[in-house]
Each structure stands twice: as structure tokens, then as C-alpha cells.
Number of protein chains: 2
Amino acid sequence: MADLPDSPAHTPPQHVVAVDVGGTTIKAGRVARDGTLTSSRTIPTPPDVADLLTAVRRTVAECGPTDPVGVVTAGLTDERSGTVLQAANLGWRDLPLRDRLTEALGRPVAFGHDVRGAALAELRWGAGEPDMLFVPIGTGLAVAVVVDGEVRGTGWSGEIGQVLVPDPDGPGRVRLEEIASARGIARRYAARAGCPVDGSREVLRKLEDCDTDALDAVTTAVALLADTLAAASAVLGPVPVVLGGGLAEGGEAVLAPLRAALGERLPAEAVPPVRTARLGRWAGCLGAAAIAFATAEARGRAA
Amino acid sequence: MADLPDSPAHTPPQHVVAVDVGGTTIKAGRVARDGTLTSSRTIPTPPDVADLLTAVRRTVAECGPTDPVGVVTAGLTDERSGTVLQAANLGWRDLPLRDRLTEALGRPVAFGHDVRGAALAELRWGAGEPDMLFVPIGTGLAVAVVVDGEVRGTGWSGEIGQVLVPDPDGPGRVRLEEIASARGIARRYAARAGCPVDGSREVLRKLEDCDTDALDAVTTAVALLADTLAAASAVLGPVPVVLGGGLAEGGEAVLAPLRAALGERLPAEAVPPVRTARLGRWAGCLGAAAIAFATAEARGRAA
């Protein structure tokens, strides 16, 4: 593997370029060792893979042409082989994205999963703890498990949004994500109230006005989310639940009912602390940076 | 720490004495390096701690007076401090059992939790895998999580039996254990059928005769268990679910409905394989042995 000009194997890099490929946008930037985002840009995600590679190459050239590069994507990923197994929003299946990126950029690329990457970034620079359940709730809903200081799992690990839970509105089952993601909450509100809404944030605002449709959407989401998180907490023990993604911006409007719902489902001593993540909407991009730094450091140790 | 006569720090022991302190019985034996139980005995658990220590001392003297000793107990345990935090069936709270045993036996004792110990024994000598969810279902219901080849957690970790799930018979919540443990299944059957039953095994036998009360007890237990295991699998990924304890003896009568219930709750690719543990009713005792061997090996490496 070729050493990069400003980061010989034995010196940890001072900056990396980090790219978070999401379903609708790519968030990219240059990130310093202390987690500071020193430059950033957001571009639409090209639907075609070749166009995506071109966009990433251009972005990397603009942000830091000689820095190590980290890329994370949404969807099911196998970090070991560098493959996106499945990404519904991007229309990918079994895409060897790490190899394709390495070829397009002409240099090694550290590659990972957006949620597990964000958990690593929270560990390095944010609200992370050596044992935690990181739960970003945005367009989608997945978690990352940190055990003994390491982010664990790959592939289907953490995909709680895909669990089929009892449909709150009838017989049958629905994916948890359809009810309990930020998008699910907004959709449910819009369907009940008969009017569109600007995301879950507006639904949370309407809670303050005692809007019954907002109350229904949030209560239903929190109840089903708490069923899953209570089971997860019972398995892992009451490790901190660190809430991220768009929904975490609701603060106590979300944390308080979630804590109460967990309290109904677990013995008092087994209720996990629930807090918000620190890194916000750029957590995925910082996750790509954290993976790039970790990869460069591992390469340095091996050299 | 004094070396034991037949196991100097640098030589792994060939045998250990293993003691599994359960709510009603103590299972003890001498166990060889390959996991063979070369002698065994079962005695009632004395309700008083002083009597228990005497019973363990006597048992160890009979089984292998010079072997390293491992002890596991039911209840919430903190392996690091060697304390039983809480054991309802034994009436213990914050009992420094490892120190008390060390004092009573006049030698170091490796100490652990019965379920996590049994998972370690399955890893060493049974059906264990580097990543798995070990689910023994007997009088109680708790799990052990194995991640990257190590049994993880302490204290409240794994206590899924204590999760408060919706009461299948009315409003309110009940502990999962009350419905989904082997004891819970037998109790539910007895209450519905109006006649006593000899444990969950008899309920499973009655299933074959299309007994509707047996069907209700097993179906209700499996459904609630599957809710929790589906959530756990979504968090951990589809790692093998290894079923142990008395209920696992039901074989396909339990495995088939559990697989079906998981299939209803998870995407096809995310359904974990479900199989039975290999070590059976002595898994806890073998767990104490596995902990004793692991402790002796770690001591050997450190020396």
C-alpha cells in the first residue's frame, strides 16, 4: 500500500478528508485530528455509481488532495470486504465500493458504515462511552453497539429499523423505521392531520401546543422504539443510550417520554441513562474521518 | 496469590473442581481439561450462607482437594468484585461471595455468573461460536452475549427475563420470565388446565396431543420471547441463537415455533440461526469449570 506524501506510515496524519455518502446528499469535509471540521461541502448524491465516483474524486481533490481519505455509506455494509451489500435508497446491491473508490482516487480509501462510523466519532470526539448503544434517528433508524471500547458488528448488525413490529393501526406488521424514524413520525403526523409537515422537528413543536396528532405520532414512535431498546438494554445491560440524528435535536421533548417508556419496561436499576449525541448532523462525515484516522493509526502501528 | 500444589503458575491444570450454586440445588464436580465431568454430585442449596460455605468446602474436599476451584451462582453478579448483587431465589444482596469462599476454602476461587459461565463452557466444549446469543431457558430466563470470541457484560447484562412485557391476559405488564421461562410455561399451563404439570417438558408432550392449553402456554411464551430475541438479533446482527436450559430439551417442538416467530419479526436475511446448546443441565457446573480453567490460564500467562 503506497504511503501518502504527508502521512508516512509511522506518523499519524494531522488531517483527513471525510465523505459521508447518504441517500440524498454527500457531506464531505477536511477534518483535523481533534475532530474539527476545517472545511465542508454538501452536494446531491448522483444516482449513478460512475458519477458518484467522479463526484467523490472531485470533492477529495478540493478538500485535501494529499490527505488520507475515509468514506462511509448508508445501507448494509460489510466493512471487511469493503462492500455495500444493500442500500435501498441508493439502489445498490453487492457493490464493492471500497475497491471502486480506491481505483477512482488512485489511493487507498478507509471505508465504513455511516452509523458505526458516527459511533466511532462519538467515541473519539463526542459523547461516546466504552460501552454504549448509539441510536441515530433520522430518515432511517439503525444503531451501533460499542462494547469494551470498540464499535462492533457488520452487515445486518444494528438494523433495528427493519424489525417488523405490530402495526399500531391494525393487524399485520410494519418495519419499526416506518413508525419510529424521524421521517416516520413526520409521515404519520401528516397522514393523521391531513396536512404536510416540515419534518419531525415541526411535529415536536406541535407537541407543545397539545396537538393530539403530534402526540399520537410521537407517543406511538416512542412506545415501539422503547420496546426494542428495552430488549437491547436487557441484553447489553443498562449501558448509555446515546440518541443522535435529527430526532435528537428535539431534546427533552423526545428524551423525557423515551426515559418514561423505558422505565415502564425495565426494573428501575436496569433502566439505561438516555442522553443525546454531541456531533449532530455531521456525525456521519466525522465518522468517515474517525475511520480514516483509525486506519492510518493502525497502519502506523503495523509499520 | 499462592500457587496450588498441582498447578504451578506456568502449567495449566489438568482438572478443576466446579460448583454451580443454584436456587434449589448445588451441582458440583471434577472436570477435566477436555470438559469431561469425571465425578459429580448434586446437593440441596443450604438457605444460610455459612452453611453454604461449609457445603462448598466439603464438596471441594471430596471432588478434588488440590484442584483449582471455580464457582458460579444464579442472580445478578459483578464478576469484577466477586459480588452477588442480588439473588432473589437465594435471598442474597451485595454478598461478597468470592471473598467469603476464598476465606472458607483457604485458597483463591474463580468466580462467575451461571449463564455467562455456561456460555463460556459452550464456547470451549460445546455448541458455542465466537459471536452468539446464548439463551438458557429454565427456572429463570437470562442470556449471555458472546462478541468476538468473548463472553461480555456483567451485573444486569443479559437479564431479559426481567423485562416487563405486556401482560398477555390483561392490561399492565409482567416480567418476561413469568411467561417465557420453562417454569412460566408450566405454571401457565397448570393455571389454564386447572391441573398440575411436571414441568415444561410435560407441556411440550401435551402439544403433540393438540392440547389447547399446552398450545396457548407455548405459543404465548414463544411470541413474547421472539419479540425480545428479534430486537436483540437486530442489534447484534443475525448471530446464532443457542438455546439451552430445560426448555431446549423440547427440541423441534420449541425450535420450530421460535424460528417461525423470528421469521415474522425480521427480514429473511436477518433471521438468526436457532440451535440447541450441547452441554445440557450441567452447563452451569461446566461453566464454573471453564472459568476456573480460564483463570488458571490467565494466571499462567501473567507469571
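Is A:Asp94 buried or exposed? In this predicted model, A:Asp94 is exposed, because its relative accessible area is 52% and the cut-off for an exposed residue is over 50%. The residue belongs to strand E7 of chain A, which covers residues 92–95.

B:Asp148 is situated in the loop between strand E10 (144–147) and strand E11 (150–152) of chain B. Its relative accessibility is 47%, so B:Asp148 counts as partly exposed.

B:Asp148 also takes part in the contact between the two chains: it forms a salt bridge with A:Arg152, in which the closest N and O atoms are 2.7 Å apart. Between chain A and chain B there are 4 salt bridges, and 14 residue pairs are in polar contact, both residues being at pLDDT 80 or more. On the side of chain A that touches chain B, the elements giving two or more residues are strand E10 (144–147), helix H7 (212–236) and helix H9 (252–265) of chain A. H7(A) supplies the largest share of that side, 8 residues.

| Class | Number on the side of chain A that touches chain B |
|---|---|
| Nonpolar | 18 residues |
| Polar | 6 residues |

Taken as a whole, the interface brings 33 residues of chain A into contact with 33 residues of chain B. The two chains bury about 2,500 Å² between them, and 62% of this area is on carbon and sulfur atoms.

Definitions and conventions: Residues numbered from 1 in each chain as written. Chains lettered and ligands numbered in written order. Predicted model: local features only at pLDDT ≥ 70, side-chain atom pairs only at ≥ 80, totals over all residues. Heavy atoms only, no water. Contact = heavy atoms within 4.5 Å. Buried area = accessible area lost by both parts, 1.4 Å probe. Salt bridge = Lys/Arg side-chain N within 4 Å of Asp/Glu carboxyl O. Polar contact = N/O pair within 3.5 Å; in protein donor to acceptor, adjacent residues only side chain to side chain. Helix = DSSP H or I, 4+ residues; strand = E, 2+ residues; numbered from the N terminus. Nonpolar A, V, L, I, M, F, W, Y, C, P; charged D, E, K, R; others polar. Buried < 20%, exposed > 50% of the residue type's maximum accessible area, 1.4 Å probe, protein only.
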